[in-house]
Amino acid sequence: MDRILEQLKAGVRRFQAEVYPLQAAIFEQAAVEEQAPHTLFIACADSRIDPVAITSSSTGEIFVARNIGNLVPAYGEMLGGVSAVVEFAVTSLGVRHIVICGHLHCGAMQALLDPDAIAKMPTVQRWMNNAHAAFSVAQILHQRAEQSGAHSDLMQVLTEQNVLLQMQHLKTHPSVAAAMARSELTISGWIYNIGTGEVRIAPGGSSKFEPL
Ligand SMILES: [Zn+2]
């Protein structure tokens, strides 16, 4: 364990010596100004996802919320961390866009297909209930596609349906619904491919993920 802490500390020293000096002015200004991110980015907690890196964003540009499976409980279901982040980002920070970003090879989506994988994790199991409707829809879409002879990857269909479902959940939050009604907020769903760097996007109102 200590070896890992030493590795982390070495990383901080490298940041202080090599990265910070190059952007010192930006960091100093960011510390004294109020943050004004333009986007709330909701992504999976997966260690291979880096929202700042994949959007080439700078310090202070995106407000990030991450959890297992990039889920947003529908309003009133589970008022907790995610709901508070959404309300704060929209009402206080005034973000103008919210991204829900899913990704390929997502362990959370795999767990929906294979519930035994999370049998010993009751908290994770309960959390994943927020994605069950996506599982139902994905199974039907997948069966239909196979019956018509089209190629269909159930994991990919599920990953997409989960992002679309979470976009629906997002709109049940009063702060989001009001900001969208005022045309001050838009939302989009993304699928990120870790292996290729490809991002496909479904703008709010669309259920089709198109490459950039
Ligand atoms: Zn994931």
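How much space lies in the largest pocket? About 150 Å³, going by this predicted model. That pocket lies between domain 1 (1-33) and domain 2 (36-211), because both of them give residues to its lining. Here's a quick tour, starting with the domains and the pocket and moving on to the sheet.

**Domains**

**The largest pocket**
- Its lining is made up of Ile26, Gln29, Ala30, Glu33, Glu34, Gln35, Ala36, Thr59 and Gly60.

- Six strands come together in an open sheet with mixed pairing, and their order is E2-E1-E3-E4-E5-E6.
- At the edges you'll find strand E2 (62-67) and strand E6 (210-211), each of which pairs on one side only.
- Strand E6 runs antiparallel to strand E5 (residues 199-203), and two bridges join E5 and E6.
- If you want a spot to look at there, Arg200 stands opposite Pro211 in E6.

**A helix across the sheet**
- Helix H8, made of residues 154-170, lies across strand E1 (39-44), strand E3 (97-103), strand E4 (186-192) and E5.
- Helix H8 runs at about 160° to E4.

Terms used:
Residues are numbered from 1 along each chain as its sequence is written. This is a predicted model: local features need pLDDT of at least 70, side-chain atom pairs count only at pLDDT 80 or more; totals for chains, interfaces and linings use all residues. Side-chain values use heavy atoms; hydrogens and water are left out. On a 1 Å grid over the protein atoms alone, a cavity is a set of points where a 1.4 Å probe fits but cannot get out, and a pocket is an open set with protein on both sides within 12 Å along at least five of seven lines; lining residues have an atom within 4 Å of a point. Grid points are joined across faces, edges and corners, and a volume is the space filled by probe spheres set on the points. Domain bounds come from an automatic or database domain assignment. Two strands pair if DSSP finds at least two bridges between them. Helices (H or I, at least four residues) and strands (E, at least two) are DSSP runs, numbered from the N terminus. Contact means heavy atoms within 4.5 Å. Axes are lines fitted to C-alpha atoms, for helices over the stretch in contact, and angles run from 0 to 180 degrees between N-to-C directions.
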